[in-house]
Amino acid sequence: MAARRGAAGPWGRALLALLAAQAAAVALARGPGGGGGDDDAPEEWLLLHVVQGQIGAGNYSYLRLSHEGRVVLRMRSLRGDADLYVSDSTLRPSFDDYALQSATCGPDAVAIPAHFRRPVGIGVYGHPSHGESAFEMKVYLDRSEERAARPEAGPGPGPGPGEGEGEGGEGAAPRPAPPEEEDSLLWTVLLGVLKLVLEMLF
């Protein structure tokens, strides 16, 4: 009996690690509210796009993500079982060649780090246990890191005489972003969504 317990140890640990990974993916897919819908997405997440599609058993559907920053993909299978594979080294990731994956029997989610090289390849795989799978994927831009990086604007001592002028050294006071930069960010987001739509159509 002692030999059996010792042999089952590595398998038990591997099974526990797999279950923990699936639980983490489900928790990420459901978000803080636990429901998996739009309402439970954190306030810092900006919905960029919603993709719906169908995929045959054992086949892949490929998407390309060019948007910069930390992007979260949330996918739910409307019918059958679709799995998610992501890579920054190939535009055609698979279950043999991927950097990130979520292959659960429920909601799938992947957080693509900002440092991943763009374009990022996204593969949706139709599990062979079903003849056809239908899915809905929501693509979010996670703005929490950029908000945390920005200093809070508030009243404070202004620069003294000769400080914050010209050199821009340590005494330089932060200046509010001009309206053109805010417009530029909006255009960048809109162009990113348009590119994603065009890449899916062609």
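I took strands as DSSP runs of E with at least two residues and helices as runs of H or I with at least four, both numbered from the N terminus, and I counted two strands as paired if DSSP finds at least two bridges between them.

**Entry 1: ground rules.** I am working from a predicted model, in which local features need pLDDT of at least 70 and side-chain atom pairs count only at pLDDT 80 or more, while totals for chains, interfaces and linings use all residues. Residues are numbered from 1 along each chain as its sequence is written, and side-chain values use heavy atoms, with hydrogens and water left out.

**Entry 2: confidence.** I looked up pLDDT, the predictor's confidence in each residue from 0 to 100, and found a chain mean of 74, with 53% of the residues at 70 or more. Over residues 1-7 the pLDDT is below 50, and this stretch has zero contacts (heavy atoms within 4.5 Å) beyond near neighbours in sequence. Residues 14-21 also stay under 50, and the model gives them zero contacts beyond four places in sequence. Where pLDDT is low, the predicted coordinates should not be read in detail.

**Entry 3: overall layout.** I noted three helices and eight strands, which follow the pattern α-β-β-β-β-β-β-β-β-α-α along the sequence. Of the contacts in the chain with a separation of 6 or more, 79% are between residues 24 or more positions apart.

**Entry 4: the sheet with S4.** I traced an open sheet of four strands in the order S2-S7-S4-S5, with antiparallel pairing. S2 and S5 (100-102) stand at its edges with a single partner strand each, so one side of each is left without a neighbour in the sheet.

On the S7 side, aspartate 83 stands opposite tyrosine 125; in S5, serine 102 stands opposite leucine 84, and glutamine 101 is the bridge partner of tyrosine 85. I then checked burial, taking buried as under 20% relative accessible area, exposed as over 50% and partly exposed as in between, with a 1.4 Å probe and protein chains only. Six of the six residues of S4 are buried, with Ala82, Leu84 and Val86 on one face and Asp83, Tyr85 and Ser87 on the other.

**Entry 5: the sheet with S3.** I followed four strands in the order S1-S8-S3-S6, again an open sheet with antiparallel pairing. S1 (45-56) and S6 (108-112) are at the edges with a single partner strand each, so one side of each lacks a neighbour in the sheet. S3 (residues 71-79) and S8 (residues 132-142) run antiparallel and are joined by eight bridges; among the residues of S8, lysine 138 is the bridge partner of arginine 74.

Entry 6: Leaving aside neighbours within four places in sequence, leucine 73 touches residues including Leu84, Val86, Ile112, Ile122 and Met137.
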